[in-house]
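Open the model in your viewer and keep the selection panel at hand. The stops below go one selection at a time.

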Amino acid sequence: MGFTMPALRKQISASLAVCLLLAGGWAMAQADAFRVRALTGVFDGELLYAEARIDYRLTATVQQALENGVALVIAQELRLEKPRWWWRNARLVELDRRYRLQYHAISRRYVMTWLASGDSRSFRTLDALLQELGRIEAWPVTRAERLTPETDYELRLQSRLEVESLPRLLRTVALTESDWQLESQPWTAVVER
Amino acid sequence: MTDATRQGLVRIGLSLLLILSLYLLSAATENTARFGRLYLWLLLLNGVVLVALVAVIVNNLRRLIRSVRSREAGSRLTLRLMGLFAVMAVLPGLVVYGFSMQFLQRGVDSWFDVRVENALDDALALSQASLDQRMRDMQQRLQEAALDLSDVDEGMAPIALGDLRARTGASELALLGENGRIIAASSIDTADILPHRPEEGILLQLRQGRPYVGLDPIENAGLHIRALVPAPGPDGPSGSRVLQGLFQVSPRINDLAAEVEDAFSEYRELAYLRGPLKDSFSLTLSLVLLVSLLFAVWSAFYLARRLVAPVSRLAEGTRAMAAGEYGKQLPPGGNDELGFLVRSFNDMSRRVAEVRDAARQSQDLVEAQRAYLETVLGRLSSGVLALAPDGSLRTFNQAATAILSVPLAEGVGRPLSALAGQYADFAPFAELVARHRQTSEAEWRAELSLNTSDGRRSLICSGAMLPGEGDRGGEVIVFDDVTTLIQAQRDAAWGEVARRLAHEIRNPLTPIQLSAERLQHKVAGHLQGEEASVLARSTDTIIHQVEAMKEMVQAFSEYARPPVLQPQSVDLNALVGEVVELYRSEPEQPEFRLALADDLPRLEADPGRLRQLLNNLLRNALEAAEGGDCVVTVATARGTGRHADMIELHVEDNGPGFDESMLDQLFEPYVSSKPRGSGLGLAIVKKIVEEHNGIIGARNTGHGAKITVRLPRVAASDARSGENQ
């Protein structure tokens, strides 16, 4: 039989993966990898802005992938909702910001590209990049006039690593491995005009 | 549609579904863009299928093992076939799997070449080295420019920067104040008003007085060299102004560097992704293999069972046939050899059943014939014996037992001589048969007188050889009891004789008597002395003898007289007691021993005739005693066996017994060995018995003679009806 030990080990690990999958354990999101630390809604003139801080921490696996040329896409999802006691909240605003993180080998720098505009900034260290990524300042949410005065609105922010945007080969792994399940708990702040 | 076909269709459908899901799974592995979302569900679906298959297989296996343990028909063959199929499916599958795995690992690894990797690393290093030189130049240029700004205040800075930018060839120059505040900027691109801000770390480094130079890949603008140097203002070197310059790399170098960067990062990415690639391929391959193998094993159960089904049905059918359940039909199989076997079995079974039915019919026929023959034989008044070729008794009929008075049933399968040894009365008959068997005559006839327990019997026997296997078949012997016939002839003859004698003799007797009396009356007065006494003696003698003759004639006429019975209920025991009392005072002082049955039923008979019968029997017994001590035993009993509805009366004496030569004619008139008596006693007894439809027999016991009378409990209606006619 032409089995080599690694092949056998792969087979076993593959079977194990299947078993884990079947044991009902979807890979659980890595706890606290991303964490929304603060979120506030600020009315400045005509507009409602969101100000927030998100702590980003990449797992070693993800960091390794990044350093090996894999581009990561991190999405920040901002929602403005009007609570309804009798039904699901009415969603007024749905905003997404998606950033691509890349390692540039020649310059030895980490590049962060805002996918909506194509603007990019590069950083000498990953920490600097993540810090910058986590600083959300003056994100325009909506015009203030759309909101009924003296009514509570809920601002909700969540950030996650987009597994679907990973290279296809990595996706199958990312879908089954918890190291790749980077997602923050949604953070809610109450806004009143 | 049969159950098996439906199952087969279900399996085909399932396997198509499975193939589709496996195809989707592999497609999802290949191209996640289309099936990426599906991948997990497909994994889950296949996983569920896997578990379901394992469960089904375990269940099937358990069922199979149970049926093997209980030795169900075909179960061992199913197990063997199933094992064979499983091995045939699993072994090649595993071999292919092993090689595929190895090829997968090796193949993926072989895409990555160490030399290519080194070359790419070197290319990167080369690019970096070539850019490093340029970076140092740019830093130098910027430091010189910063010196020029030392006496320029914030107000003049934009103008100075514009000049400096043109002189240094930078694409952007910016003068930054504390905390990176932009004091002034000049850019080659007029549309881009805001300069690129450096990050905090670099500013920190500059605050410590160290200049910074580095590459900055800027989206859509290519690679730039960013250099930052301290630019002390007019207020002295303590100021924290910083001059930032962005220099474009020459387009050619930029393009080359971009290409190197792309190739390098692509290669790095690929090299990094080979692990996940192998993992996901292995996972898919393992899953596909596992599901396929399990499906194959599951199908092996089905196939084995389907293949074995006709065989096990055949086995069951054969078992049923062996158990005698002929005519069992199996459901027809396919068109293959097994189907042919099943059809042949069905044909055979049907034919066996037909043969069995035919055999049963003929057996029934034979049985009916036998019953018919037995009934006929049973109804025959003649006795019939059949002997086997070796002389043993084969069959007999009821009449044979009755006539021979021997339990022939005991002698079946044994030679007649054995029975003769057991029952001495039977010996003459056995000897007769043996004699004729020895002569090997085809047919013979003989007369035989047999002394049975029921009295002496005259038999006419005839024997014939039976057609049989070999040179000698069996023999059939037919014999008739002609005792009564002979007796009847004799009785008829004697009746006629008696009637004539009575008529012929009685007529002259009265004139003789009257003549003698008149002779004495007339002549006696004329004679004297001697003559007178002679006359008196002679006439007396004549008169007495005539009187005796009259009595005798009277007895004869009595004997010849047709019976006139007046039957009524009679207690035989009481009658016996009554009659015996009369004889107790006889001069011989006879001793009577009575053995009367207690529960004797009453008889329907003529008491007068019965009394006469008893009288005659007792007198006969007393006369037989010849003056010695006379002991007469009188016994009554219920009949047994074939005489069950009769009452028996036995009278036995202790005399010398009957003369053997006389036994045949014992009950005929004037057959007597005794000096006294009329000679009609036993003849009259027999007549009375026959009037009552009874049977009489006489035989010698070891110490005297014994007469047995059997009377039916209900008097013969024939006799009465005869008398009424």
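**Stop one: an aromatic pair**

Select B:Phe99 and B:Phe103: because they are 4 residues apart in helix 3 (residues 75-111) of chain B, about one helical turn separates them. Helices (H or I, at least four residues) and strands (E, at least two) are DSSP runs, numbered from the N terminus. The two rings form a tilted aromatic pair, 6.5 Å centre to centre with 35° between the planes. Rings of Phe, Tyr and Trp (its six-membered ring) pair if their centres lie within 6.5 Å; planes under 30 degrees apart count as stacked, over 60 as edge-to-face and the rest as tilted. Over all chains, the count is 7 aromatic pairs.

This is a predicted model, in which local features need pLDDT of at least 70 and side-chain atom pairs count only at pLDDT 80 or more, while totals for chains, interfaces and linings use all residues. Residues are numbered from 1 along each chain as its sequence is written, chains are lettered from A and ligands numbered from 1 in the order in which they are written, and side-chain values use heavy atoms, without hydrogens and water.

**Stop two: a sheet**

Next, show chain B as a cartoon and find the open sheet of 5 strands, with mixed pairing, in the order 12-14-15-17-16. Its edge strands, strand 12 (591-595) and strand 16 (695-701) of chain B, each pair on one side only. Two strands pair if DSSP finds at least two bridges between them. Now select residues 646-652 and 704-712 of chain B: these are strand 15 and strand 17, which run antiparallel and are joined by 7 bridges. B:Ile647 stands opposite B:Leu711 of strand 17.
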